[in-house]
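Reader: I would like to learn how to read a ligand site and a sheet from coordinates alone. Could we go through one example slowly?

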Amino acid sequence: MADKPSFYITTPIYYVNAAPHLGTAYCTIMCDVMARYKRAMGYDVKFLTGLDEHGEKVQRAAEEHNMTPQEWCDSLAPAFHEIWHTLEISNDDFIRTTEERQIKAVQYLWERMKEAGYIYKGSYDGWYCVPEETYFTETQVQKADEERHTEGQHLCPDCGRPLERVQEESWFFKLSAFQDKLLALYAEHPDFVMPDFRMNEVRTFVEGGLKDISVSRTSFDWGIPVPFDDKHVTYVWFDALLNYATAVGFGNPDMADEYAFRWPAQFNVVGKDIIRFHCVIWPAMLMAIGEAVPEHVFAHGFLMVRDDETGQTRKMSKSLGNAIAPQDVIDLLGVEGYRYYFMTDCVPGEDGGISFGRMEQVYNADLANSWGNLVSRTLNMSAKYFDGKTPELAEGWADVENPLRSVAEGIADRYCAAMDRIAYGVAKDEVMELIHAANHYIEDSAPWGIAKDPARAGELAQVMANLLEAIRISAHLLSPFMPTTSAEVLRRMSLEDEADTADLRAACAWGGLKGGVAVTKGDALFPRLQPAKK
Ligand code: MSP
């Protein structure tokens with residue numbers, strides 16, 4: 001194991017039966033940006049994503065397609081690998097819950113739970129939503145029915161689809177025993193759930209009391225068998241949540257060192273719809289068996305489609321005809337534009353209002369007109385005035401006061417403070433401030449005028465060095481969002497060795513530029529988009 005500190009971040013594991021969509025891509029890119037940022041900060045990062053393959057929903061979908069559940073999962077898994085590859089997701093591992101490592105870990109969990117005395121056999125009689133793989137009590141269902149006036153038809157309080165009655169023998173997890181322990185966890189670690197308004201929601205829910213939950217099923221068999229009761233398969237969420245621990249060696253003696261190094265995870269990033277599983281049941285499961293809980297569960301909001309004319313946002317869905325596929329966005333913005341738009345224009349903790357109009361606006365303003373334009377003008381001038389090279393740097397050039405150096409002063413600290421709390425838009429604003437300052441600096445200093453006077457060659461070299469330095473720092477700071485573009489910009493300045501820095505702060509210190517090295521002008525990084533035809 002390396003001497004670097006561990007940073008372990010996870011996405012939820014996605015159900016296989018829907019193709020990867022904008023929402024799953026959103027969460028996965030969010031984690032990727034964090035993983036890349038932490039690698040650049042010198043951490044030994046493990047970034048995990050994967051697939052949730054068990055449960056009744058998957059079994060039924062497989063039956064409908066005349067396949068075994070495993071064949072069905074195997075047929076869908078490649079689509080996830082492909083889209084993550086396209087979107088430059090740098091995950092270090094990909095877990096599927098049907099893998100041997102997960103089966104062993106879940107069975108070990110059962111044994112540990114039994115030893116600890118937190119499971120017991122009983123019978124479950126209540127409601128179940130198969131698409132959500134969630135149990136609901138009579139009271140929850142009645143309340144939702146009244147609110148929705150469903151007239152006798154019982155619909156899922158979460159998704160509104162028909163519920164099914166489940167009456168079967170079941171193993172239960174004594175969740176009710178964890179109310180005080182969870183409240184103590186939230187009190188001691190108020191940032192266990194982020195953002196803080198979600199912490200309040202979770203706390204209020206737990207204060208309302210917790211009921212034991214059913215964690216095994218007998219009426220179908222697509223799940224991990226309970227080791228001491230083979231009529232039962234593990235409830236899909238009890239299985240799925242454990243994946244985060246499995247991937248770093250929970251219950252595997254051969255991975256004891258890795259587990260000690262990696263666990264607990266720093267971040268479980270999830271959507272707001274699955275916080276109760278992650279902020280209540282998951283920590284209770286870990287507490288029951290005496291394992292540490294993750295440092296943070298970060299809940300992101302939902303992507304909603306915004307109507308640019310009315311400003312109203314609506315849920316994205318196929319039936320409303322407003323669903324946007326990842327490929328549609330890639331076609332418009334390219335992969336790096338896609339990543340930049342979702343990560344900087346949506347506030348991760350809140351619901352995001354997205355639209356093609358806004359995508360074009362952000363792309364043109366920030367990427368084509370500001371970042372792309374700055375790079376192209378500066379590299380062109382540098383190549384033109386200094387014979388295809390960066391200027392030779394005078395002794396002490398980096399100490400010369402100038403507007404860009406002032407903006408760049410302390411930029412890495414401000415950026416890191418925002419990145420650490422997943423405030424990506426705030427981090428981006430820091431970089432954009434430098435980029436805007438540099439574009440203004442070009443206008444104000446007018447290098448083309450200085451270049452006409454050979455007596456001002458030193459001044460020209462200083463101006464160009466300041467601009468190139470601002471670009472170098474911006475490329476580093478934008479790299480977690482747009483890794484390929486940043487690597488390309490650094491390459492064009494003969495700084496490719498810097499692209500994979502493990503010391504971002506040092507890399508962002510003013511003065512790192514190399515003088516007298518080749519400059520490549522290259523094609524436009526972000527060609528301007530023409531406004532969509534109405
Ligand atoms: N399999 C469970 C998670 C188990 S984790 C131990 C699951 N899978 S899912 O495929 O339904 O995952 C969905 C993830 O995508 C959730 O985090 C959910 O919040 C997210 N999104 C689904 N639609 C979304 C949007 N419209 N916007 C943003 N994210 C959304 O739940």
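**Reading the ligand site and the sheet**

Author: This is a predicted model, and we can begin with a polar contact, a pair of N or O atoms within 3.5 Å. Here a backbone N or O atom of Tyr15 lies 3.0 Å from an oxygen atom of the ligand, while a polar side-chain atom of Asp273 lies 2.5 Å from a ligand oxygen atom. On the nitrogen side, a polar backbone atom of Leu303 is 2.8 Å from a nitrogen atom of the ligand.

Reader: How much of the ligand's accessible area does the protein cover?

Author: Of the 670 Å² that the ligand has on its own, the protein covers 90%.

Reader: Which elements give two or more residues to the shell around the ligand?

Author: They are β1 (6-15), α1 (22-40), α8 (236-241) and α9 (243-246), and the largest share, four residues, comes from β1. In total 21 residues surround the ligand, with Ile13 and Asp52 among the closest, and by class the shell divides into eleven nonpolar, eight polar and two charged residues.

Reader: In what order do the strands of the open sheet lie?

Author: A sheet is read strand by strand through its pairings, and the order of this four-stranded open sheet is β5-β4-β6-β8, with antiparallel pairing. Because β5 (134-136) and β8 (213-214) each have a single partner strand, they stand at the edges, and one side of each is left without a neighbour in the sheet.

Reader: How many bridges join β4 to β6?

Author: Ten bridges join β4 (residues 119-129) to β6 (residues 164-173), and the two strands run antiparallel; for Gly126, the bridge partner in β6 is Val166.

Notes. Residues are numbered from 1 along each chain as its sequence is written. This is a predicted model: local features need pLDDT of at least 70, side-chain atom pairs count only at pLDDT 80 or more; totals for chains, interfaces and linings use all residues. Side-chain values use heavy atoms; hydrogens and water are left out. A residue is near a molecule or strand if one of its heavy atoms lies within 4 Å of it. A polar contact is a pair of N or O atoms within 3.5 Å; within protein, one must be able to donate a hydrogen and the other to accept it, and residues adjacent in sequence count only if both atoms are side-chain atoms. Accessible areas come from the Shrake-Rupley method with a 1.4 Å probe; for residues, only the protein chains shown count as cover. Ala, Val, Leu, Ile, Met, Phe, Trp, Tyr, Cys and Pro count as nonpolar, Asp, Glu, Lys and Arg as charged, and the others, Gly among them, as polar. Two strands pair if DSSP finds at least two bridges between them.
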